[in-house]
Amino acid sequence: MKFFADTAEIADIKELAETGLLDGVTTNPSLIAKSGRDFMEVTKEICGLTHGPVSAEVVALDHEGMMREAEVLRKIADNVCIKVPLTFDGLKTCRKLTGDGTMVNVTLCFSANQALLAAKAGATFISPFVGRHDDNGFDGMQLISDIRLIYDNYAFATEILVASIRHPIHVLESAKIGADVATMPPAVIRSLVKHVLTDKGIEGFLADWAKTGQSI
């Protein structure tokens, strides 16, 4: 499974990139606003920190507007992935862009039928939002399972990019189902390494080592 950082914070991206765990980055208008940075400037900087895809989202809602914005965004760097909403205009834009060899992330997916449409439109990635799905009384993991089944049935090349991840269990269940990518806040990526028994083991080893009076 690939790990993408869902953030526009440069310090977090740099730290994760140094671990070798980072395969890409996803951003959205909310994350850009939170960073307080210029959209084009921060996107270009992020693209220089990872060789993987960096999702940059259009804000136009019509096909022509999306194409105009996409033309600007894909000039930022070769690893820019244009992010479009799961609407008919978004799907039309997806088909046009992928036909030109541009990566496209179709976002705000909340049903397997929507995911099927995105795959048929040639999406590089489909982003089902599991956390928001759970928040509204639905089963986010069942959505991932349904999409995986449908994509495997027809050998669609579209990668399942699990989004709106809230905690490590979302990551674990997504990996068990066979999702291709998990995009998550840096805090969730860091939490994956944590286990109380690991911490206790380190504490015990260090205590015993101290008793030897030795140093390395």
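# Notebook: helix packing and a few loop residues

I began with helix H6 (residues 112-120) and H8, whose axes come within 9 Å and cross at roughly 40°. That angle makes H6 oblique to H8. I note here that I am working with a predicted model.

**Entry 1, H6 on H8.** I looked up the handedness and found that H6 passes H8 in a right-handed crossing. From H6, I listed Ala112, Ala115, Leu116 and Ala119 at the contact, and they meet Leu143, Asp146, Ile147, Ile150 and Tyr151 in H8. Sorted by class, this contact has eight nonpolar residues, no polar ones and one charged.

Is Ala115 buried or exposed? Its relative accessible area is 0%, so I wrote Ala115 down as buried. Setting aside neighbours within four places in sequence, I found Ala115 in contact with Leu86, Cys109, Ile126, Ile147 and Tyr151.

Next I followed H8 to another partner. The axes of helix H8 (residues 140-154) and helix H9 (residues 168-177) come within 10 Å and cross at roughly 20°. Roughly parallel counts as under 35 degrees, so H8 is roughly parallel to H9. The crossing in which H8 passes H9 is right-handed. On the H8 side I noted Met141, Ile144, Ser145 and Arg148, which meet His170, Glu173, Ser174 and Ile177 in H9. By class, I have three nonpolar, three polar and two charged residues for the contact of H8 with H9.

Ile165 lies between strand S7 (159-162) and H9. Its relative accessibility is 3%, so Ile165 counts as buried. Which residues does Ile165 touch, not counting residues up to four places away in sequence? My list is Val130, His170, Val171, Ala182, Thr183, Met184, Pro185 and Val188. One of these, His170, is also among the H9 residues that meet H8.

Phi of Ser164 is near 55°, which is a positive value in a residue other than glycine. Ser164 counts as buried, at 13% relative accessibility. I then turned to Ala155, which lies in the loop between H8 and S7. Ala155 likewise has phi near 55°, a positive value in a residue other than glycine. How does Ala155 count, buried or exposed? At 66% relative accessibility, Ala155 counts as exposed.

I went back along the chain for one more helix pair. Helix H4 (residues 63-73) and H5 pack at an angle of about 45°, and their axes are 9 Å apart. H4 and H5 are therefore oblique to each other. I recorded their crossing as right-handed. His63, Met66, Met67 and Ala70 in H4 meet a set of H5 residues made up of Asp89, Gly90, Lys92, Thr93, Lys96 and Leu97. By class, the contact of H4 with H5 has four nonpolar, three polar and three charged residues.

My last stop was the loop between helix H5 (88-99) and strand S5 (104-109), where Thr102 is found. Thr102 counts as buried, at 12% relative accessibility. Which side chain does the side chain of Thr102 meet in a polar contact? I found Arg74 there, with the two side chains at 2.7 Å. Beyond residues up to four places away in sequence, Thr102 touches Arg74, Ile82, Leu97 and Thr124. I had already written down Leu97, as one of the H5 residues that H4 meets.

Notes: Residues numbered from 1 in each chain as written. Predicted model: local features only at pLDDT ≥ 70, side-chain atom pairs only at ≥ 80, totals over all residues. Heavy atoms only, no water. Axes fitted to C-alpha atoms, helices over the stretch in contact; angles between N-to-C directions. Helix = DSSP H or I, 4+ residues; strand = E, 2+ residues; numbered from the N terminus. Parallel < 35°, antiparallel > 145°, perpendicular 65-115°, else oblique. Left-handed = near helix turned anticlockwise from the far one by under 90°. Contact = heavy atoms within 4.5 Å. Nonpolar A, V, L, I, M, F, W, Y, C, P; charged D, E, K, R; others polar. Buried < 20%, exposed > 50% of the residue type's maximum accessible area, 1.4 Å probe, protein only. Polar contact = N/O pair within 3.5 Å; in protein donor to acceptor, adjacent residues only side chain to side chain.
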